[in-house]
Amino acid sequence: MKHIDENDLTLYQYQEPVDRAAIEAHLAECASCRAEKANLEFVLAAVDGSPVPERDDTYGEQVWHRLQPHLAAKPAPRQRFSWDWAFPWQRWALGGAVAALVALAFVAGRFWPRHEKPVETAISAQARDRILLAAVADHVERSQILLLALANSEETGGDRKVDISWEQEQAQQLVAGNRIYQETAERLGEPGLSSVLDDLGRVLLTVAHSPSSVSPEELDELRRRIESQGMLFKMQVVDSQLQARVKAANRRQSQNSL
Amino acid sequence: MEQDDGVVVALALAGDSDAFRTLVERHSRAIFRLAYRMTSNEQDAEDVVQETFLRAYKRLKQFESRANFGTWLHRIAVNCALDCMRLRQRHDTGRESIDAVGADGPQPLPAGDPLPDRVLFSAEVQQQIDGVLAGLSPKEKAAFVLRHFEGMSIEEISRTMGLRSEAAKNNIFRAVKKLRKALAPLTSVAG
């Protein structure tokens, strides 16, 4: 006797389209499948018991009070990024901008004509390298999140359009920093990192210059272009290398400070 | 009488500052529940609630009055939660993977032992469920939460998550299989 497929049983349990009559006829005859069904019912009922922290009737009001200052700071929908948002990647945006300035200062410091008399710097070269590494790692991580968000953009409304305005804004913000990091990496003799950042720059420019609302077909094309360059994989590799270097640099720093 | 969401959205777009507040107050609890189910973390869920309303505010012009505002908002919340979960996953390297849970599983109770106290048994079941849910991939978890807790059909889930129907289905199947595998030793005792 052919038993009921586990997936069909799941569909049956969730009232999804499946041959219910055939399943019920089989269940009437098969004790083993009835036991399977009982087991599935137990598991799903147990999941129902998972608690969610209670939020009382005033919760909506509390959310509004937290939200209101941020909305007030936004003059109109579809405006550019607001710096005081609470989500981590938005805080990173500020961090990224600061990091880009640090990187710029770093590059300027290396190539600016030097005074004859050395000037005491506030931070050591090692600390500067550490800051730059952390800034590039942060930039790569933010870019990865952008590409992942793009891979998951959803269709909104009934006009078969996908809103990628958030991704577009993120890309616009990342483009300038990317150029600085790429040039810095090249000058510091990091061809691998420079090459990945160069590829990333082209992807960011494509996203930044895309319309804020695209058709699913256009989005697929955009995703294909990203995938064809193996961008996400390259980013993951670079990210893990950078994270390891940041950790090593931090370790060195803490050893030196002991 | 409570105004329809579509009317309130139209008022918000026309510049009525209290209208968006009404939408926030009306939908916050449902979005928090969804966000918590997906992230399994209270602070992350609060962040997702906030981010959801910020994105909704920003995209309000794109909302079509013939659509359901709650569904539209849920769609935004799911994507905010997915972003949050991916971020969390990347940073949460110490988390026990589902494969580890599946491989070792809960220790089966010795045959012949008396059934444990009901409360302890429930706690054990809950612990296993929490472990499995925490170890699901963001897509598996989102699809399962939307099907199981939000009661969305697979078609709705595929639209919400931007997946093909088969992909949405497979994510749910994988989540259910993992739950069943992790709870197998306990369900055999309970059965």
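Colleague: Where in chain B does B:Ser40 have its place?
Modeller: This is a predicted model, in which local features need pLDDT of at least 70 and side-chain atom pairs count only at pLDDT 80 or more, while totals for chains, interfaces and linings use all residues. Residues are numbered from 1 along each chain as its sequence is written, and chains are lettered from A and ligands numbered from 1 in the order in which they are written. Helices are DSSP runs of H or I with at least four residues, strands are runs of E with at least two, and both are numbered from the N terminus. On that numbering, B:Ser40 is in the loop between α2 (17–39) and α3 (42–58) of chain B.

Colleague: Is B:Ser40 buried, exposed or partly exposed?
Modeller: A residue is buried if 20 or more other C-beta atoms, placed from the backbone, lie within 10 Å of its own, exposed if 12 or fewer do, and partly exposed in between. B:Ser40, which has a positive phi of about 55° although it is not a glycine, has 19 other C-beta atoms within 10 Å and is therefore partly exposed.

Colleague: Are α7(A) and α8(A) roughly parallel or roughly antiparallel to each other?
Modeller: The axes of α7 (residues 165–187) and α8 (residues 191–208) of chain A come within 8 Å and cross at roughly 155°. Such axes are lines fitted to C-alpha atoms over the stretch in contact, and the angles run from 0 to 180 degrees between N-to-C directions. Angles under 35 degrees count as roughly parallel, over 145 as roughly antiparallel, 65 to 115 as roughly perpendicular and the rest as oblique, so α7(A) and α8(A) are roughly antiparallel.

Colleague: Which element gives the most to the side of chain A that touches chain B?
Modeller: Residues are in contact if their C-beta atoms, placed from the backbone, lie within 7 Å, and this contact takes 43 residues from chain A and 52 residues from chain B. Among the elements that each supply at least two residues of the side of chain A are α3 (31–48), α4 (59–72) and α6 (125–151). With 9 residues, the element that gives the most to this side is α4(A).

Note on methods
Contact = placed C-beta atoms within 7 Å.
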